[in-house]
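Please read it alongside the sequence and the coordinates.

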Amino acid sequence: MSLNIANIAIAMLTEKTTFTYEVISHKVNLSNKTIRNNMPEIILLFNNFNITIQKSPGIGIRVLGSKENILKCYKHCENLIHKSTQISSEIRQNIISFLLLNSFRKITISMLERKLYITRPSIYNDLKRIKEFFAKYSITLTKSRKTGLSISSGEKRIRHCLLDLTFLMLDSQLSAYSLVPEIYQYLTDIVKSSDIQKIRKFILTTTKETSTNITESDLYRASLFIYIAFFRMQNQHFTSLNTSIEHKIKNIKVRNYLANHLKELSHFYSVNLSEEETIYITAQLSVYLNSQDEFVYHEFENPISTIDLTHQFTKHLNTIVKINNTKAFEQKLFPFLEKTIQKFNFDYDCYNPNTNIIIQRYPRLFKLASSINTFTEQTKYLTLPNDAIATITLLLAAVQEKQTDTITCGFWSQVHPFKKELFLNILHSSILHVKLIDIQSEAELQSFKGDLILSTTEEISTNLEVIPIPELINQEFIHLLNEKILDIRQEKRVSFFR
């Protein structure tokens with residue numbers, strides 16, 4: 001079963017009243033045509049769980065089935081989504097951009113439909129985003145019957161665009177690109193291949209022989225830059241360059257060394273560098289080799305990757321505070337540390353935070369976040385500045401607020417279904433940031449794990465605090481209930497620290 005079917009099914013199962021294909025289309029960001037085409041499989045899926053679809057012309061569609069069966073079907077679809085490797089719109093856009101930048105073959109809308117398993121409207125939406133991305137590099141995207149989709153730009157702009165796109169793709173799981181073998185192989189080679197290490201060693205040797213410095217970030221970018229240049233030449237995707245960039249090479253020693261040794265490296269890749277190609281790569285490398293950033297690259301006696309540093313720091317945090325979802329926290333922390341330590345791109349989520357306000361608001365968390373320097377100083381020989389510590393503080397605060405702001409509240413009642421539904425509607429609309437769960441049976445009541453239980457019956461057997469609901473829910477009761485929830489939230493926030 002495809003990811004689209006699971007997403008459409010969940011969108012339908014969560015509709016409480018009648019709905020139209022247009023409503024579902026907006027929820028799942030797919031065209032009406034895609035939804036209609038998938039309906040036979042969705043109906044078959046629903047039938048497996050004794051769920052039916054009722055269509056009323058002029059009114060809409062309604063899903064009919066017991067709550068238990070609907071919940072089982074929902075859980076089944078949710079599990080499929082988690083296990084699915086089908087690509088997101090962002091991954092699709094990366095794939096299409098990569099294919100256009102390298103022109104492996106004639107690219108048409110029909111070809112993308114078959115390759116990516118999506119409809120034309122979805123592709124057109126992706127192309128709008130891709131045009132915006134290409135525009136940043138002055139690359140024009142055109143479409144014609146004869147050539148299909150194609151781009152027009154100079155080689156330099158294409159390579160810089162491909163360099164930035166590669167960084168974006170490397171931030172994702174490689175399996176997301178498994179539908180396109182050439183891209184999957186390209187990314188796998190970058191991650192695992194010894195070729196990159198050979199290029200890296202060549203650049204470090206150049207810095208040593210020419211008495212220049214290079215930052216960690218520039219070393220990474222320079223290595224990838226040369227890899228992309230050789231990759232495009234190997235695949236015959238090279239266009240002529242303007243040799244006027246030679247004047248950018250200010251360091252004569254660097255220019256002479258690279259001119260003498262760059263061709264040796266290119267022979268390893270079975271690439272014959274032309275004079276203009278040598279000048280272009282030399283000019284670009286000379287920019288990287290003249291970096292004056294304060295974080296200059298040097299070999300470490302005890303090297304450690306940023307991901308290992310992230311794991312060590314998170315493990316340390318967990319001895320002081322309780323982070324329920326450490327994986328989600330690390331997924332936010334790792335890219336931030338990667339960009340901060342490498343210092344090649346400061347475009348992260350919490351750019352330039354107001355450090356003084358953050359320290360005043362979260363003094364304890366800021367002190368806790370500062371402990372990361374114990375790890376960076378020992379393994380990376382650098383001390384993170386206060387604005388970086390402030391950003392880590394905000395990440396911790398977000399974790400704390402996420403764990404405390406949502407209160408899980410059970411609802412237990414054996415009154416008439418109509419009255420029960422009325423109570424639930426009032427509670428849903430009156431109490432904020434509360435996850436209200438309708439407890440259906442005694443077994444669910446005993447196994448329920450939450451913060452409190454609201455009940456129409458005062459005497460029930462449970463270890464959780466029970467708040468009885470009056471026959472008439474008035475504003476005074478709602479006010480008292482919200483105050484109680486605020487108290488629970490504050491207790492959870494304090495309990496974040498061990």
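In this predicted model, helix α5 (residues 89-102) and helix α8 pack at an angle of about 150 degrees. Angles over 145 degrees count as roughly antiparallel, and α5 and α8 are therefore roughly antiparallel to each other. Helix α8 (residues 155-170) also comes within 13 Å of helix α13 (residues 275-289), axis to axis.

**Packing of α5 with α8**

- The axes of α5 and α8 lie 10 Å apart.
- The crossing in which α5 passes α8 is left-handed.
- From α5, the residues that meet α8 are Asn 94, Ser 97, Phe 98, Leu 101 and Asn 102.
- Their counterparts in α8 are Ile 158, Cys 161, Leu 162, Leu 165 and Met 169.
- Sorted by class, this contact of α5 with α8 comprises seven nonpolar and three polar residues, with no charged residues.

**Packing of α8 with α13**

- The axes of α8 and α13 cross at roughly 45 degrees, and the two helices are therefore oblique to each other.
- Where α8 passes α13, the crossing is right-handed.
- On the α8 side, Lys 156, Arg 159, His 160 and Leu 163 make the contact.
- On the α13 side, the contact is made by Glu 277, Tyr 280, Ile 281, Gln 284 and Tyr 288.
- By class, the contact of α8 with α13 holds four nonpolar, two polar and three charged residues.

Definitions and conventions. Residues are numbered from 1 along each chain as its sequence is written. This is a predicted model: local features need pLDDT of at least 70, side-chain atom pairs count only at pLDDT 80 or more; totals for chains, interfaces and linings use all residues. Side-chain values use heavy atoms; hydrogens and water are left out. Axes are lines fitted to C-alpha atoms, for helices over the stretch in contact, and angles run from 0 to 180 degrees between N-to-C directions. Helices (H or I, at least four residues) and strands (E, at least two) are DSSP runs, numbered from the N terminus. Angles under 35 degrees count as roughly parallel, over 145 as roughly antiparallel, 65 to 115 as roughly perpendicular and the rest as oblique. A crossing is left-handed if the near helix is turned anticlockwise from the far one by less than a right angle, and right-handed if clockwise. Contact means heavy atoms within 4.5 Å. Ala, Val, Leu, Ile, Met, Phe, Trp, Tyr, Cys and Pro count as nonpolar, Asp, Glu, Lys and Arg as charged, and the others, Gly among them, as polar.
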